[in-house]
Structure formats: structure tokens, C-alpha cells
Amino acid sequence: MASSEAQFWVVALTLLLSCLSVTAKQTYIVQMKHHSKPSSFATHSDWYSANLQAVSSDSDSDPLLYTYDTAYHGFAASLDPDQAETLLQSESVIGVYEDTVYNLHTTRTPEFLGLETANGFWAGHSLQDLNQASNDVIVGVLDTGVWPESKSFNDAGMPEIPSRWRGECESGVDFSPKLCNKKLIGARSFSKGYRMASGGGFMKKPREAESPRDQDGHGTHTSSTAAGSLVANASLLGYASGTARGMAPHARVATYKVCWTSGCFGSDILAGMDRAILDGVDVMSLSLGGGSAPYFRDTIAIGAFTAMERGIFVSCSAGNSGPSRASLANTAPWVMTVGAGTLDRDFPAYAVLGNQNKFTGVSLYSGTGMGTKPVGLVYNKGSNSSSNLCLPGSLQLEAVRGKVVVCDRGVNARVEKGGVVRAAGGVGMILANTAASGEEMVADSHLLPAVAVGRKVGDMIREYAQADPNPTAVISFGGTVLNVRPSPVVAAFSSRGPNLVTPQILKPDVIGPGVNILAAWSEAIGPTGLEEDTRKSQFNIMSGTSMSCPHISGLAALLKAAHPNWSPSAIKSALMTTAYTHDNTKAPLSDPAGGQFSNPWAHGSGHVDPSRAVSPGLVYDISSEEYVAFLCSLGYTIQQVQSIAKSNITCARKYSDPGQLNYPSFSVVFGNKRVVRYTRELTNVGTARSLYKVIVSGPPGVRTIVKPSSLFFATVGEKKKYTVTFVSAKSGSRTSRAGFGSIVWANTLHLVKSPVAFAWTLL
């Protein structure tokens, strides 16, 4: 008996240990010294496999997940911590990093951006010519995949696919390569990192079908926003009805599915970027991100550096962590970091209280409504302290059945709050902002009658609901309204500067339309994304920097079509220096979070203006070598710089200050200094014999001196330098932590504007 019991425990312990050894494995990204490959190996892949075999046991299945060829020098592998540590001891290995999880940053737009002007001309370029040139531009979107049957990917009238294209449409259990066409020319998926994280082994069957098909909707929305074809009579259940089209409707689309139900894994993102570069995309759009990190630890920044070297424009969302300061993602200077603003379109809804006060909010509810008879109104009556937030399980059925419930915005998803109210028997919801969101209102396609209101209105409704002995309310809906004033307004959720990774680089770069955006949608999921939402729609209205990012990606494709020889930095400069900072009431851009005017830490250079960007006059161009000099000024080791630049550099040239980079904006950090001096170089992309004069503005206590004060360009392509000196008043007058100004080079045709942010401390 004792012997058999001991035998049982030995077997059990062995099984337990084997399970532990399996579960201990995870994905690591291994960075290699690319130029150290011994000549005995035919390929880098062979060399990587040999390195892995040296640390793996014979019983291990092949641990290699991905080999990266361009975006990164190295590979991703399934390893346990001991194996990862052993690999790190190798002379050929620069670093071994655990896989990182990134998150998604989740039709009137063409008119709002001036892409449909009455005369058909766009700063000297006819739209017909631009559309024809766009046929040769390929936009690669890294996201949740694509719903290929969407009308937004109709290829009617499109010419043959460019012969340089090396991509393909992969087959999957629910995806046939035949679904691709002359519009949607590529569709791939990358899931090995996701599979490792979700199942403990990349050979196991994944929880989600491995194919390019979009089961989430996000990827279809972003790719059609960037370059969707024209679709007449598009709407979300009747809202925002009209013609839907992407920013570059005649450009090609290639999708790379790197995001899955549990997130977007760095190993998969790198594989997608690697493939997109090799396939031949011209623009890369990533509406996803994580926290800020040094560039040598930032998967997207490293992949984007290679893309930039290959002439590919990379656009990334800034994040949805606003209005908190220093909440940005994707801050590398070779990446276009995009914040979000509103459109001049709204979806009004109304709440009428028992005291006859009528308040206006927004909603995309499309059901039968709740009628005209007021019902009871409740707030903060539930089983626990979270009932004010309408978290799952927080509402008491007897308290809310048959009533309208006031829910505070925050913590859980806005549409989920409506689902919680409906499940508890409520017949309507008033979603009330708190101080965190201020007066920003985002419309949602709720499952029950619901209206979202700003903080001030929310406070009045909350007070009424708690003070009146018999509070009542009724909700009604006003459809779609255009020409809203003021607009644009900076979205409260849009992540803000300053840039913690490199304070001397001002981020975000620009803002674009990112609130209540109509675009194509996956028919695998309802408009809210909730399981109980069984509605189907070919289009959806969404908000987030995820939505603003593909707007800029599509505009970059148009600029690439207009100027095929422009570098990514030149395109970026054109979009930045022509952006505007006043709304349609001629007032400075406002920030609903604080109820005041916005500043460059929120809107960067301003809101994009594509009709001006196509002819900016001057650009701040940046070469790969200048970016390397920038990296060498950050205090990184040579190996860390090499891991980003992927070449055998020595940092013989570096800037004395990272702010010396020829960036189209300025971020001046005085610290203990009173004087900061930078030199910039402008390239004439306008007409010959052009004269520009400088106009400066700044906060009290800072003197800005620009020399020379005028620049004359005799020829197109000529480059001219200027030096700007920022002088802070004596320390006694430093009453604020930050200030803002601008430097504008102007003539009768062009205003080339650069925002300037001043800080006396790093935060």
C-alpha cells in the first residue's frame, strides 16, 4: 500500500513538473548581432535555429516562431526563462525580451477635410490626376484583419495591380484568396505570439480561427477609413447617411491581421511589419500601441525605423489615455503620432426631466424608443458603491426596473453600461460625464434608449435625481445634424504630451477626425461589439485615435501620389506645417476636458489640412543618418542604437541635444539652462525665387530670436538653414511649468508654421 501510494505521488509529481515546464514557456523576442553571422550558415534563419538548438532539449518541438528579415534583426521563439537567460549569455545576442501586448486604440470626413471641393482642384492638382496617381500607392494596415465582402473594397474601374507588389492573400478556414481583388490586394495573418499566450504552445489549435478575416470590426473600419472605395447610401442603421469613402479611395489596400481577442502581441506585430515592408507597401497604418518605452525596447518604433529607411510612411495612433498628461504612445520621431478631434457632424438626443428642464446630448440609438411618457429616474441606487458606474452586477432590479438610470462615464465601456441597465430591467440610460471627460460627448449605438451628456449637464441631472422626491425623465432622438459649431474640438480621450521618452520632441504631431467616424464594419459582430448585440450593419460609427490614425495614413497616400519622390519625413512635415489651430468659429481650438483652449501637447501642430499640405512651400526633411545622430544623442549604448538602426554604426556623429533633429516642431526644455539654441534646415518644394519672412510668438518670459529673419530660395529643391535662440527670463519669473508659441515662415502663398512648447522642468 505504502509502495503504491509512493509510486502514485512520484507519477503525479512528474506530471506536475512536466505541466509546469510547458506552462513556463512563453514568447521571447531575441535581438541578434546581424553582422556576426558565421559564414558557415547559409542564411540568418539557419543561424538562429542553431542558436535555439543549443539551448533546447531534444524533446522540445521546434521553438522558432518567427524569423525577422527587415523590420528587426532576430527572431521570436517559445522559451522558458532559463533558456532565455542562457541565450542572453551568447556573444551574438544583443537582447532577449518578453513579448509585449499592445492594445487597439479604439462619411462626412472627406468634405470636412476639403477633399471634395466644388472646383475639383486641390492646391493646383486636379482630383482626377491625384486619384489616378493613387492607383500606384499601397496602404498597409496592421489591425484585426478585414471583412473582404464589404463594398468599401469594391475594385470596379481599378487598373491592374502594380507589378512591384510582392504580397498575397492567404487562405484560411473562413477566408479564400479569391476574395481579394484589385482594391484589396493583400491579406495576411500573424498569430503565433497570440497562440503562445492563449494556449501555452504555438502548435496547439488557436481559440480564434487563424485567417485574415476580421471578427472584431476594428480592422475593417480603419482600412476603409484610409482607402475605402466610394459606397453610396452608407449609414449606421440610418445615422450619418450618405456616401462613405476613404481618404485615398483609389489607393490599394493590404491588411495584416496582428490583433486577436486577447490583444496585439509584439512578436506578431513585428512579423506583420516585416512582411509589409517586403511586400512593398508605401504607407503603414497602425491604430494600436502600448505604454511609452525607450526606442530600443519599442517593437513598433524599431520596425518603423526600417520602414522609414525604405521610404515607407508610418502613421500610428497617439492613444486614448487623455486627458491625462504625458499619456502618449508611439512617440518615435520617425513615426507620425496622431491625436483625435471632432467633426462638424453630430447625433443629438434629448433628456427631458420632470422639472421640465430639457438637456441635449448625443446618441446613435436606432430602436423604437421609449415613447413620450416620462418614467422614473434613478441614480446611484444599487447593491454596492459601483452602482453609479453601472458596472456588471451593481444594479438592483427592484430599484431600476421600468426606469431611466443615470450612469457615470468611466471604468467600463459606455455600451456595456447600457447593457447592464437593460439586464436589470431599466428602459433607458443617461450616460453622464465626470470631470475626467469634461464636455466631450461620444455617440454610441446603444441597445436601449440612451443619451450621453457632458459633465455640467450630468451634474444637474445627478442633483435632480437625488434631490427630487419623485424624479422622472424621458429620452428622445434627433437623427443626424451637420455644420456643428465649434468644430473641430480636441477629443478628451486623445492622449497628451509631453513626450516622456524624448522631451525635446513635441508629440503628438497632429490631430485628425477621430470622433463618431462612419466606416465599413465586419458582419461577424454587432455595432456595439457586445455578445448580446445581434444586429448586423455593413457600416459602424466609432471613436478613438484608432479612427484618426487611418485618416492621416490615407492623406499620406494622397501626398505620396502627388509627390512620388518625397521622403516620409517630407510628407510628415507637409502635414504638420500646414495644419490649422482655429475652429470653424475662428476661435483657437478648444479642449473639452478642461473647458479651455487647447495647446500643442494636446493637438501637436494642429488639425490636418490636406488641401494645403499638398503644396506646403517648404519642408523640414530628415535623412536616416540624421535620425541615427538623434539616437546617438539619447545616451543609448552603441548596441542599443544598432538594434534600432540595424547597421554597423559607431555614433561618430551625434547631436549635443536631441532637439537638434530637423523636426517640424520644437520642444524646448530649459531645465537649469536659460538659453537653448537650435538650427533647422528648410527645403524649397514650392516655386523658384521664393522669399519667406519669419513671424515668432511666445509666452511672457521667453525671448525668441531667429537668424536670419528672412530666407530666399532661388531654385526648387534649394536648402537653407536658420538658427533659433530661445532665452528664458531669470529664474524668478518662471511662474509656470509650461508655455507655448510658434515660428512661422510666411509669404503671400504659404504659411509654414511650427509650434513651440516650452518647459522649465521635464514634466
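A: Keeping in mind that this is a predicted model, one place to begin is the link of Cys259 and Cys264, which is right-handed, with 105° about the S-S bond.

Q: How far apart are the sulfur atoms of Cys259 and Cys264, and are the two residues buried or exposed?

A: The sulfur atoms of that disulfide lie 2.1 Å apart, and both Cys259 and Cys264 are buried.

Q: How many disulfides does the structure hold, and what is the pairing in sequence order?

A: There are four disulfides, and if the bonded cysteines of the protein chain are numbered in sequence order, they pair as 1-2, 3-4, 5-6, 7-8.

Q: What about Cys169 and Cys180?

A: Those two form a disulfide with their sulfur atoms 1.8 Å apart, and the torsion about the S-S bond is about -100°, so this disulfide is left-handed. Cys169 and Cys180 are each in the loop between strand S8 (138-143) and strand S9 (184-189), so the pair ties together parts that are eleven residues apart in sequence. Both cysteines are buried.

Q: And which parts does the pair Cys632 and Cys651 tie together?

A: In the disulfide of Cys632 and Cys651 the sulfur atoms are 1.9 Å apart, and the torsion of about -80° makes it left-handed. Cys632 sits in helix H17 (residues 624-632), while Cys651 is in the loop between helix H18 (638-645) and strand S34 (666-669), so the link joins parts 19 residues apart in sequence. Cys632 is buried at 5% relative accessible area, and Cys651, at 17%, also counts as buried, because the cut-off for buried is under 20%.

Q: Switching to strands, what is the order in the open sheet of four?

A: The order is S13-S14-S5-S16, with antiparallel pairing. Strand S13 (259-260) and strand S16 (288-289) are at the edges with a single partner strand each, so one side of each has no neighbour in the sheet. Two bridges join S5 (residues 101-104) to S16, and Asn103 has Gly289 as its bridge partner in S16.

Q: What is the radius of gyration of the protein chain?

A: For 763 residues a compact globule would have a radius of gyration near 27 Å, and the protein chain has 27 Å, which agrees. Buried residues make up 59% of the chain, which contains 18 helices and 41 strands.

How values were computed
Residues numbered from 1 in each chain as written. Predicted model: local features only at pLDDT ≥ 70, side-chain atom pairs only at ≥ 80, totals over all residues. Heavy atoms only, no water. Rg over C-alpha atoms; globule rule 2.2 N^0.38 Å. Buried < 20%, exposed > 50% of the residue type's maximum accessible area, 1.4 Å probe, protein only. Pairing = 2+ DSSP bridges. Disulfide = S-S within 2.5 Å.
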